[in-house]
Amino acid sequence: MANIVWPLELPQRPQRPPWQGQQPSARWSFQGDEGPAMTRPKGKRGRKMSMEFVMSHKQWLTFLNFWEVGINGGVLPFDYLDPDSGNLLEVRFDPDSETDFTDKPKGATHRTVTMAWEVLP
């Protein structure tokens, strides 16, 4: 497991909705010269988690510091307590995503922060 932990000062549970998980395909599929398509297993891939948190201004600053310094701009993995199972997960910002996170104001004192993570196998 990673030694870095999602800060306790930040929201521990994402908003519902739009929290969702995805399991990427774990197989290769290709068409042979004849007959049905053939498949074989890929290497193990972690599931994806789309997360949305509502943060106060102070939490937003804590998150920015965690992202920039704690996990080196989103490069390093970190531990997060799964909101459904209660298990500790090793996650990282999804390397397939175009952005690490997006944020938008929510009223005068909060903002909504959306991000995608990959659970490491």
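The side chains of K48 and E118 form a salt bridge, N to O at 3.9 Å (a side-chain nitrogen of Lys or Arg within 4 Å of a carboxyl oxygen of Asp or Glu). This is a predicted model, in which local features need pLDDT of at least 70, side-chain atom pairs count only at pLDDT 80 or more, and totals for chains, interfaces and linings use all residues. Residues are numbered from 1 along each chain as its sequence is written, and side-chain values use heavy atoms, leaving out hydrogens and water.

**Exercise 1.** Find which parts of the chain the K48–E118 pair ties together.

*Solution.* Start with the elements: K48 lies in strand β4 and E118 in strand β8 (residues 110-119), so the pair ties together parts 70 residues apart in sequence. Strands here are DSSP runs (E, at least two residues) and helices likewise (H or I, at least four), numbered from the N terminus. Next, check burial: K48 and E118 are both buried (under 20% relative accessible area; exposed is over 50%, partly exposed in between, with a 1.4 Å probe and protein chains only). Finally, widen the view: salt bridges with shared partners join K48, R92, D94, D96 and E118 into one network.

**Exercise 2.** Is D96, a salt-bridge partner of K48, buried or exposed?

*Solution.* First take the contact: the closest N and O atoms of K48 and D96 are 3.2 Å apart. Then read the accessibility: D96 has 55%, which counts as exposed.
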